[in-house]
Amino acid sequence: MLIDSRELTDGSSLQADICIIGGGAAGITIAREFIGTNNKVILLESGGLEFDQQIQSLYSGDNTGLPSFDIDVNRLRYFGGTTNHWAGHSRPLDPIDFEEKEWMPHSGWPITRADLETYYQRAQPVLQLGGYDYENLAKLTRATGLEALALDERRLKTAVYGQSPPTRFGIEYRNELARAANIQVYLYANVLELLPNESAVHVDYLRVASFKGPRFRVAARQFILATGGMENARLLLLSKQFTPEGLGNRNDLVGRYFMDHVLLRPGLDVSFTHPGLQLGLYHALHDVEGGKKFAIVAATEHLLRKERLANFRIHLYPTGPHYKTPIGGIFSDLDGFAGENPLEKTRNNSIAMHMVLEPVPNPDSRITLSQNKLDIFEQPKLEVKWLVEDADLTHAYRAMELIALEFGRMGLGRGYSQLFIDKTRWPKHMEAGKHHCGTTRMSKDPKTGVIDANCKVFGVDNLHIAGSSVFPTIGYANPTITIVALALRLSDHLKYTLRP
Amino acid sequence: MTVKQSRRSVLKVVISSVCSSLLLPGCGTGESKPENAARQIREQLRHHGVAAHLGRLEVEANPKLKSMTPMQLTADVLSSIDLDINAINDAQIDSISERISTRIRQDFTDEAVTTVDGWLLSVTEAKACALVFLDITQSSG
Ligand SMILES: Cc1cc2nc3c(=O)[nH]c(=O)nc-3n(C[C@H](O)[C@H](O)[C@H](O)COP(=O)(O)OP(=O)(O)OC[C@H]3O[C@@H](n4cnc5c(N)ncnc54)[C@H](O)[C@@H]3O)c2cc1C
């Protein structure tokens, strides 16, 4: 059932078994899992079914860290959340991404890739991705008749990436939720605060408000915070009753370790030594087993361990060239190209490499509450300080160098990068991936994390968190398939917890 | 890895040997074997203007190269492909192209590379560019 909260009576009290805060990828996935169960579910969504500038303004805030970070346009605050404009790129995290790596401070999940495997498989249809086959490159090359690059397999690999249509959760799953008798979706329901009991070990109810509308409260046996990678932390920090430092924040970790993928688009241009090199496997979308797929170049586990690097991936796009002269053409004879004419600088004779780099978790990169700016509900706005480390720049440089080395070794072209001109600073076009992670990190120990392996907030017995805020490290893969996999896992856990 | 000889370079070798056997003027006549080898190295590169530009930057960034004559640099490149400038023969001169190709691939494998103007180049190809530059500047008086 879909309900407009603006029509509720002021001061109403609602009651549910499970209350989900936020109707994006995570919240909607969990709500769907409970359709037809004996549990009464309330999903509270801040926005309506369409974009509304006033509600969206609740996402505004300041960025005091690295530039190129627009907090309010990177997220969408209405039913379906940020999936209303996500791009749909999907791939599970690699097994190594879950490990505690001694070369990467603050790394290590309390779960493994194997723990998530069945949930990744279940996430596949949720995101309309077709067959679950990320490790079978041969299937992709057979289906397309296109060749993969002959990369040095100790260092780099061609990996399969999934392309969701992209699924707009608010549109795709709206009717299903509207029809479900045991699910109530409240639109225009802004959660302002979580109110725990006096010892702050149990959430009693939520304070909720509609803009220029009623204020009401929602009590439940279990609460799930699913308001996105930044807002999850903000809501905990706003929940100060009996916990002035914020709910679940005894160890001052909520909001810290804010991470996003570091993007360089391009990180490198390759000027071909052979004309019209065919790389369609990488830059075109291919229909395979009911889903769309394409290929990327990524680091191998062997390389990451040997060189103590952060994980990275490269997209190959024919969008260049971004250099002045076609250097590759100089070496065509030496690379075995028997053409009459030297290669010219054209789009066909080059390829742009877009780099997506895993950042090193950094406790000083964080989100906090603004000291002086309030939103339309008179609550402190968000302040983001996105920082990256020197190590990230070193990792980016090495990633680009490895790609350039590989194209030279294969005799296919030469690599150009801004980083090869100045390795001490990020190129101006360095940007964030719009994947907000880390602010309520998962850990086995409350001293190093906000939630445990079951996504339950340490020290609070009925509060769980869903979304990329729980990722302690983020690999190179886009986050949403992992968000959905974790949401499915959390749903199973809650079904077990709530069994009669 | 064997590298296919390009049609262009095969043609160059043929023309050059025809010219020398006919002793045609301006066609390699009187060219010593080291000079022939140096020319072979330079002729592996296309876009000589761009190669010379890269070569200049490489020479400017590398004090060792700055103090070299074209012949010294030729000797250096030849020695990296196991050829001795003082004892080089015709068959070896003909093999320069393939040897340099192989050397360059190996440079990329060994990470014997340098960055020039934002490009990651093998040290051998950067030296070949430097040779184009030195040849232009030092022969132009
Ligand atoms: C331009 C862009 C492109 C992207 N492309 C990709 C991609 O290719 N692949 C990929 O994996 N990811 C991509 N992402 C990221 C992806 O959109 C997010 O990972 C995903 O939407 C997160 O899901 P979520 O449910 O955690 O949060 P959201 O989808 O943001 O949903 C949060 C929901 O909570 C609601 N809410 C917030 N605060 C409150 C409150 N106080 N009370 C009630 N409700 C509240 C919001 O209105 C929203 O509906 C992209 C993001 C952007 C911006």
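A crossing of two helices is called right-handed if the near helix is turned clockwise from the far one by less than a right angle, and left-handed if it is turned anticlockwise. Keep that in mind as you go, and remember that this is a predicted model.

**Stop 1: two helices in chain A**

Select residues 25-33 of chain A, helix α1, together with residues 480-497 of chain A, helix α12. The two pack at an angle of about 35°, and their axes are 9 Å apart.

Now show side chains at the contact. From α1(A), pick A:Ala25, A:Ala26, A:Thr29, A:Ile30 and A:Glu33. The α12(A) side includes A:Ile483, A:Val484, A:Ala487, A:Leu488 and A:Leu490, with A:Asp492 and A:Lys495 also taking part. Colour this contact by class and you get eight nonpolar, three polar and three charged residues.

**Stop 2: the ligand**

Next, select the ligand and whatever surrounds it. How many residues is that? There are 37, the closest being A:Ala26, A:Glu45, A:Asn74, A:Thr82 and A:His89.

- The side chain of A:Thr82 has an N or O atom 2.6 Å from a ligand oxygen.
- A:Tyr78 puts a backbone N or O atom 3.0 Å from an oxygen of the ligand.
- A:Gly81 also uses a backbone N or O atom, at 3.3 Å from a ligand oxygen.

Switch to a surface view: on its own the ligand has 1000 Å² of accessible area, and the protein covers 94% of that. Back in cartoon view, look for α1, β8 (190-196), α7 (231-238) and α12 of chain A, the elements that each give two or more residues to the shell. By class, that shell holds 15 nonpolar, 18 polar and four charged residues.

**Stop 3**

Most residues other than glycine have a negative phi, and most peptide bonds are trans.

- A:Pro165 and A:Pro166 are joined by a cis peptide bond, omega about 5°. You'll find A:Pro166 in the loop between β6 (156-163) and α5 (169-172).
- From A:Arg265 to A:Pro266 the peptide bond is cis, with omega near 5°. A:Pro266 sits in strand β11, residues 262-272.
- A:Tyr188 isn't a glycine, yet its phi is positive, about 55°. Look in the loop between β7 (183-187) and β8.

**Stop 3: over to chain B**

Finish with helix α2 (residues 33-43) and helix α8 (residues 123-139) of chain B. They pack at about 115°, with axes 9 Å apart, and α2(B) passes α8(B) in a left-handed crossing. Select B:Ala38, B:Ile41 and B:Arg42 on α2(B), then B:Ala128, B:Leu131, B:Val132 and B:Asp135 on α8(B), to see the contact. Its residues are five nonpolar, no polar and two charged.

Notes:
Residues are numbered from 1 along each chain as its sequence is written. Chains are lettered from A and ligands numbered from 1 in the order in which they are written. This is a predicted model: local features need pLDDT of at least 70, side-chain atom pairs count only at pLDDT 80 or more; totals for chains, interfaces and linings use all residues. Side-chain values use heavy atoms; hydrogens and water are left out. Axes are lines fitted to C-alpha atoms, for helices over the stretch in contact, and angles run from 0 to 180 degrees between N-to-C directions. Helices (H or I, at least four residues) and strands (E, at least two) are DSSP runs, numbered from the N terminus. Contact means heavy atoms within 4.5 Å. Ala, Val, Leu, Ile, Met, Phe, Trp, Tyr, Cys and Pro count as nonpolar, Asp, Glu, Lys and Arg as charged, and the others, Gly among them, as polar. A residue is near a molecule or strand if one of its heavy atoms lies within 4 Å of it. A polar contact is a pair of N or O atoms within 3.5 Å; within protein, one must be able to donate a hydrogen and the other to accept it, and residues adjacent in sequence count only if both atoms are side-chain atoms. Accessible areas come from the Shrake-Rupley method with a 1.4 Å probe; for residues, only the protein chains shown count as cover.
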